Amino acid sequence: MFRKRMRRLRFAFLLIFTVASLTSFYTGLAQPLPEVWEAYHDHQRLSDVLRQLSEEFPNLMTLEVIGSSVQGREIWLATITNQDLPGEKPKALFDGAMHGSEVIGSESMLHYINFLVTQYDSDETAREIVDKWITYVVPMVNPDGVENGKVSSDYRAARKNANL
């Protein structure tokens, strides 16, 4: 009985130690490597793509600035709907990069916007969403945090906006 308890206790300790060690190790790797920014969009590249899409698809997407970050970066709102089909439509809001260290959120939102407007003519799902809904997307809620995340080695600091 005593040996069985000791084995369980040893296993629990080993499990806790392993999880703590891995957490400590991966915390240092939480920020994307510099090469990631060649594929992911920082605030400037995201802004450029959003402007291009809104100019290319003006009947499906409007783009407006809904505010500025502490460091003066635009916070964009993309509104996607078929403006040629007026009337009441259900509305949905999506956002990304609430925390600056979570850049995949803004990347996902940018890909969703791109899918809806570029595939409208060829994809039934995109057409149905754009025709029947008003979709609001704020792809990068925390642009200062994203920019800080590019240079910070501490993912916790990059999560915050510039005012904290």
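Buried residues make up 34% of the 164 residues in the protein chain. The model is predicted. The chain holds six helices and four strands.

**Overall layout**

- Read along the sequence, the elements follow the pattern α-α-β-β-β-α-α-β-α-α.
- Take the contacts in the chain with a separation of 6 or more: residues 24 or more positions apart account for 66% of them.

**The largest nonpolar core**

- This core has 22 residues.
- Leu50, Met61, Ile80, Ile113 and Val117 touch the most other members.
- Leaving aside neighbours within four places in sequence, Ile113 is in contact with Leu50, Leu53, Met61, Ala78, Ile80, Val137 and Pro139.

**Helix 2 against helix 3**

- These two helices pack at an angle of about 15°, and their axes are 11 Å apart.
- Angles under 35 degrees count as roughly parallel, so helix 2 is roughly parallel to helix 3.
- The crossing of helix 2 and helix 3 is left-handed.
- Helix 2 makes the contact through Leu46, Val49, Leu50 and Leu53.
- Helix 3 makes it through Ser106, Leu110, Ile113, Asn114, Val117 and Thr118.
- By class, the residues of this contact are seven nonpolar, three polar and no charged.
- Leu50, Ile113 and Val117 take part in this contact, and these three are also among the core residues that touch the most other members.

**Helix 3 against helix 4**

- Helix 3 and helix 4 pack at an angle of about 95°, with axes 8 Å apart.
- Angles of 65 to 115 degrees count as roughly perpendicular, and helix 3 and helix 4 are therefore roughly perpendicular to each other.
- From helix 3, the contact uses Tyr112, Phe115 and Leu116.
- From helix 4, it uses Ala126, Ile129 and Val130.
- This contact has six nonpolar residues, with no polar and no charged ones.

Definitions and conventions
Residues numbered from 1 in each chain as written. Predicted model: local features only at pLDDT ≥ 70, side-chain atom pairs only at ≥ 80, totals over all residues. Heavy atoms only, no water. Core = buried A, V, L, I, M, F, W, Y, C linked by side-chain atoms within 4.5 Å. Buried < 20%, exposed > 50% of the residue type's maximum accessible area, 1.4 Å probe, protein only. Contact = heavy atoms within 4.5 Å. Axes fitted to C-alpha atoms, helices over the stretch in contact; angles between N-to-C directions. Parallel < 35°, antiparallel > 145°, perpendicular 65-115°, else oblique. Left-handed = near helix turned anticlockwise from the far one by under 90°. Nonpolar A, V, L, I, M, F, W, Y, C, P; charged D, E, K, R; others polar.
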